[in-house]
Amino acid sequence: MQDAKAVSALARAHFGRVFATRSAQERFRSTAASRRRAAEDEAAEQPPCALLQESAQGDVIRQTRSSAEPASGRISINFDNTVEAYRSKKNWELLRSLLVFKLCSLDFLVDKNKEIMDLSRKFLGQKLFEKLMKMTFYGQFVAGEDQESIKPLIQKNQAFGVGSVLDYSVEEDLTQEEAEKKEMESCVSEAEKQNHGIDQREKKFKAHRQFGDRRGGVISARTYFYADEAKCDQHMDTFIKCIKASGGASVDGFSAIKMTALGRPQFLLQFSEVLVKWKRFFKFLAAQQGKDDVDILEQKLELEHLQESLTQMGVGAKADIKNWFTGEKLGLSGTIDLLDWNSLINDRTKISNLLLVPNVETGHLEPLLSRFTDEEEKQMKRMLQRLDVLAKHALENGVRLMVDAEQTYFQPAISRLTLEMQRLYNQEKPIIFNTYQCYLKEAYDNVSVDVELSRREGWFFGAKLVRGAYMYQERSRAAEIGYEDPINPDYEATNRMYHKCLEYILLEIEHNRKANVMVASHNEDTVKFTLEKMNEMGLRPSENKVYFGQLLGMCDQISFPLGQAGFPVYKYVPYGPVNEVIPYLSRRAQENRGFMKGSQRERALLGQELKRRLFKGQLLYQPV
């Protein structure tokens, strides 16, 4: 049977041509530890969560510094100490912050910010306009025009214990119509164009013109639209320059990338659909064995029962099915769990052969699309090759690579490809970091499954936790197109999810020191929660297992006290010519409106420090 042969080949194959051949590793079980952690998570009281922001692409540079840990061993940081928070800032910088934050809270200015900037440019002329921007919004949120001009800021922040995430923030200034056209051209295959719906694709994983402009409803995350393969090579070259700059500036740098910058997104849509359908098929089989109500890692299918079910469904002969689950020492315990099941999906020479999905009604494997062109096959391979090139450059330069999260119709593929890179490159230390969006209903399952895999196979787990940047877009798309909303029902549920994921990773760090996490948060409660858990678990900042991140121009009262105390903390530092970063500044103004309306604390602290300096006679204060 053709379907059975396809599955058998799928099970025997390894993640070969793109990710290189790896020797099969011995698997071991740690369900007791998983069960204990799950019980602890259920019992833990969840405190308020932060408003998390996506880090944009770029390079992280951090100065190596000694930690200022107290003799008692307990970490204590005062976020009300304005002297420490603004030690690096001159008085005019504090005044600029107060002005910009106030302007960002005015609805009219924010709603019409692009029109106002265009009008100002015409009225003032280019030179005066650029000076005005550098004195206000550009100067607050952007470091400079090129890598040379931003060096003074980077060096100053390093001197005060804060690293930098470099990002060349130039974006295409596309109209909505242009963005929609590019998206439809890059996400619809030739087979779909010709067959007009004959291929059985799910609505969620198909391109829809009304949501083709992926910038809609997105505030902080950069958006890439596919133009051609040459443009993807340019993006890769930009990422490589950032990696090399980071490696040259420190011994523990970061660089962040987005996978949609590296190739045609059609493959991410299709591979995501395959992964989701395979996972759904596993849950269908678990339900047949009466195990659909237990935690995802506790869903263990009895191998003999599973083989009988697959045989009855006509997927393949019993002897063939038995071979599938022993190809890499699977099923030796007599059971199969989700991690074992996932290992059946591997890369092969012809990548389009990956895109086979189980049909629950017929029990057969079917191709996701009727055919792929040779060019589409090459485009898929080139995306994975670019990803591999970046991982190798990161390893060679001693830089850690963070893969940013994106929309849920891309994310399963992004996470799976990132996981495969972790299995390859995180054998001796954490090089590859995945991003988890905690506003998703399945965030905890995703984190726990990936941590368990790293534990079984013995590699270093790396994660960045964010709240997520696509909530409004995701909800609107799900409602209009007609599929389940992937977002948690309310803000409180997202708070609980974030802290549940964070505590799970911190527990993993406590027990084997092989996990690592970036807490990307602008909220003091989240940072304080993390510090309290680190105290309870005996995790020291000098171990460099827990990192913190904020945006340039925001929340200095969090970043700099953490840096002074020896924590690995980073500022995301955008740069680029004034005119070409206007789209970034426009989004930042919108983001700060919500942030500043939600909290007056930062403005109060800025005003407090200015008053203190005035009364102390420090009118010409200079950072030391």
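A crossing is left-handed if the near helix is turned anticlockwise from the far one by less than a right angle, and right-handed if clockwise. The model is predicted: local features need pLDDT of at least 70, side-chain atom pairs count only at pLDDT 80 or more, and totals for chains, interfaces and linings use all residues. Residues are numbered from 1 along each chain as its sequence is written, and side-chain values use heavy atoms, with hydrogens and water left out.

**View 1. Helix 6 and helix 7 meet in a right-handed crossing.** Met 117, Ser 120, Arg 121 and Leu 124 of helix 6 make the contact with Gln 126, Leu 128, Phe 129, Leu 132 and Met 133 of helix 7. (Contact means heavy atoms within 4.5 Å.) By class, these residues are 6 nonpolar, 2 polar and 1 charged.

**View 2. Helix 17 crosses helix 18 in a right-handed sense.** Helix 17 covers residues 374-397. Its angle to helix 18 is about 40°, and the axes lie 11 Å apart. That makes helix 17 oblique to helix 18. From helix 17, Leu 384, Leu 387, Asp 388, Ala 391, Lys 392 and Leu 395 meet Leu 417, Met 421 and Tyr 425 of helix 18. The contact has 7 nonpolar, no polar and 2 charged residues.

**View 3. Helix 21 packs against helix 22.** Helix 21 (residues 491-512) and helix 22 (residues 524-537) form an angle of about 30°, with axes 11 Å apart. That makes helix 21 roughly parallel to helix 22. (Angles under 35 degrees count as roughly parallel, over 145 as roughly antiparallel, 65 to 115 as roughly perpendicular and the rest as oblique.) The crossing is right-handed. Among the contact residues are Tyr 498 and Leu 502 of helix 21, and Phe 529 and Met 537 of helix 22.

**View 4. The largest pocket holds about 1200 Å³ of space.** (On a 1 Å grid over the protein atoms alone, a pocket is an open set of points where a 1.4 Å probe fits, with protein on both sides within 12 Å along at least five of seven lines; lining residues have an atom within 4 Å of a point.) Of its 41 lining residues, Val 276, Lys 279, Pro 412, Glu 442 and Asn 446 are the closest to the centre. Helix 13 gives the largest share of the lining, 7 residues.

How values were computed
Points joined across faces, edges and corners; volume = space filled by probe spheres on them. Helix = DSSP H or I, 4+ residues; strand = E, 2+ residues; numbered from the N terminus. Axes fitted to C-alpha atoms, helices over the stretch in contact; angles between N-to-C directions. Nonpolar A, V, L, I, M, F, W, Y, C, P; charged D, E, K, R; others polar.
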